Amino acid sequence: MEKLHIYLSQTLYLYKIYKVFFLGFFCLTLFPAYSYSSLSFEFYALSCPTAEFMVKNTVRSASSMDPTLPGKLLRLLFHDCFVEGCDASILLEGNGTERSDPANKSLGGFSVIESAKRVLEIFCPGTVSCADIIALAARDAVEFAGGPNVQIPTGRRDGKLSLVSNVRSNIVDTSFSIDQMINIFSAKGLSLDDLVILSGAHTIGSAHCNAFSDRFQVDSKGNISVIDTSLDREYAAELTKQCPAGANPSITVKNDPQTPQLFDNQYYKDLSAHKGLFQSDSVLFSDGRTRKRVMDFADDQNSFFQSWSQSFVRLAGLGIKSVDEGEIRASCSVTN
């Protein structure tokens, strides 16, 4: 029985490989890649029908080996879409690009995007944009971590511009007040509700100590004390242990101390218990404009998942490039 099981598993695996190859070759031959100025569902149905499967398989395989990747892939989408729109400008390498900004130095997940792109270029050359791969990978990362399966339209184009000078004015810093975050989100066409919902991304992932060090102070003897009284005392004490004075800059702390690798509503429960890691997290509970929404999501995970699905689509649809403005890169790190 064991040999039969192994045989069937191998047969199924080979079937999937052949299916990907022949369907991709067949459709690429009869239906060359088309260019559209707007997003649509099943955008690659004719030009690369297995595109989403190949991205999902890449994300699943990589995340199985490294459980920190879902958080990194989700963060990568935020940093891409909030600057220049969802156009993979964050992937371009070189002096003066977005990646060179210190705020982006801790980003990860690039190798997953590159791996998916290499596979897609074999079966569907010049067809699937790096921008779509980022969006699909973030979507799949959330699902892999236990979150909802979100259907998103595709057809994004890759941008040709990536400037470090555009980064700081367009991304949310962890020390921001709620009004500062509202201004950033509003400029993107996102609502106060979207702000609360998309902040739920912090239910997975981790952060370096300097991302929340402004909530503490160090005296001349190296002793750390809490200056942000909104933090739970025990949680604050735990953070000082994980990030002592003079700690190695590479040390990271889980965004959600309870279920750090599970995409769930625990983030909102943490906020309600005054255990938000960042100042930008804690203000969502302390501010009367957003507190009720936080409490609602803390009580109802299904409501959070439904709301997440809608806000995620809006996030992944920011600043889409037209055919004239964008391209389909052959390599994600450089323009054509």
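Author: In this predicted model, the exposed residues Arg118 and Ile122 sit on the face of helix 4 turned away from its buried side.

Reader: Which residues of helix 4 make up the buried side?

Author: Phe110, Val112, Ile113, Ala116, Lys117, Leu120, Glu121 and Phe123 are the buried residues of helix 4. These residues lie on the same side of helix 4, because they cover an arc of only 165° around the axis. An α-helix has 3.6 residues a turn, so residues three or four places apart point the same way.

Reader: How do you know that the span of helix 4 agrees with its number of residues?

Author: Helix 4 comprises 14 residues, 110-123, and at 1.5 Å a residue these should span 20 Å. Its end C-alpha atoms are 21 Å apart, which agrees with that expectation.

Reader: What makes the buried residues of helix 6 a set on the same side?

Author: The residues concerned are Ile178, Met181, Ile184 and Phe185, which are buried in helix 6. Their arc around the axis is only 125°, and therefore they are placed on the same side of helix 6. Asn183 and Ala187, on the other side of helix 6, are exposed.

Reader: How do you know that the buried residues of helix 11 line one face?

Author: Val294, Phe297 and Ala298 are the buried residues of helix 11. Seen down the axis of helix 11, they fall within an arc of 105°, so they line one face of the helix. The exposed residues Lys292 and Asp299 are carried by the face turned away from that buried side.

Reader: Why is the aromatic pair of Tyr268 and Phe297 called tilted?

Author: The ring planes of Tyr268 and Phe297 make an angle of 55°, and their centres are 5.1 Å apart. Rings pair if their centres lie within 6.5 Å, and planes under 30 degrees apart count as stacked, over 60 as edge-to-face and the rest as tilted. The angle of 55° falls in the remaining class, so the pair of Tyr268 and Phe297 is tilted.

Reader: What does this pair tie together?

Author: Tyr268 belongs to helix 9 (residues 266-272) and Phe297 to helix 11 (residues 291-299), so the pair ties together parts that are 29 residues apart in sequence. The whole structure holds 13 aromatic pairs. Ring pairs join Phe263, Tyr267, Tyr268, Phe297, Phe304, Phe305, Trp308 and Phe312 into a cluster.

Reader: Why is Tyr268 called buried?

Author: Buried means under 20% relative accessible area. The value for Tyr268 is 0%, and therefore Tyr268 is buried. Phe297 also has a relative accessible area of 0% and is buried.

Reader: Why does Glu42 count as exposed?

Author: Glu42 has a relative accessibility of 62%, and the criterion for exposed is over 50%; Glu42 therefore counts as exposed. Glu42 is located in the loop between helix 1 (2-30) and helix 2 (51-65). Its phi is positive, about 60°, although Glu42 is not a glycine.

Reader: Is Ala88 buried or exposed?

Author: Ala88 is buried, because its relative accessible area is 0%. Ala88 lies in the loop between helix 3 and helix 4. Its phi is near 60°, a positive value in a residue other than glycine.

Reader: What makes Phe144 partly exposed?

Author: Phe144, in helix 5, has a relative accessible area of 37%. Phe144 and Pro67 are 77 residues apart in sequence, and their C-alpha atoms are 9.6 Å apart in space.

Reader: Which elements supply at least two residues each to the lining of the largest pocket?

Author: They are helix 3 (69-81), helix 6 (178-187), helix 7 (192-198), strand 1 (206-208), strand 4 (252-254) and helix 10 (279-286). Helix 3 provides the largest share, seven residues. The largest pocket has a volume of about 1200 Å³. Of its 46 lining residues, Arg75, His79, Thr174, His202 and Phe278 lie nearest its centre. By class, 23 of the lining residues are nonpolar, 16 polar and seven charged.

Key: Residues are numbered from 1 along each chain as its sequence is written. This is a predicted model: local features need pLDDT of at least 70, side-chain atom pairs count only at pLDDT 80 or more; totals for chains, interfaces and linings use all residues. Side-chain values use heavy atoms; hydrogens and water are left out. Helices (H or I, at least four residues) and strands (E, at least two) are DSSP runs, numbered from the N terminus. The expected span of a helix is 1.5 Å times one less than its number of residues. Buried means under 20% relative accessible area, exposed over 50%, partly exposed in between (1.4 Å probe, protein chains only). The arc is that of the directions from the helix axis to the C-beta atoms. On a 1 Å grid over the protein atoms alone, a cavity is a set of points where a 1.4 Å probe fits but cannot get out, and a pocket is an open set with protein on both sides within 12 Å along at least five of seven lines; lining residues have an atom within 4 Å of a point. Grid points are joined across faces, edges and corners, and a volume is the space filled by probe spheres set on the points. Ala, Val, Leu, Ile, Met, Phe, Trp, Tyr, Cys and Pro count as nonpolar, Asp, Glu, Lys and Arg as charged, and the others, Gly among them, as polar. Rings of Phe, Tyr and Trp (its six-membered ring) pair if their centres lie within 6.5 Å; planes under 30 degrees apart count as stacked, over 60 as edge-to-face and the rest as tilted.
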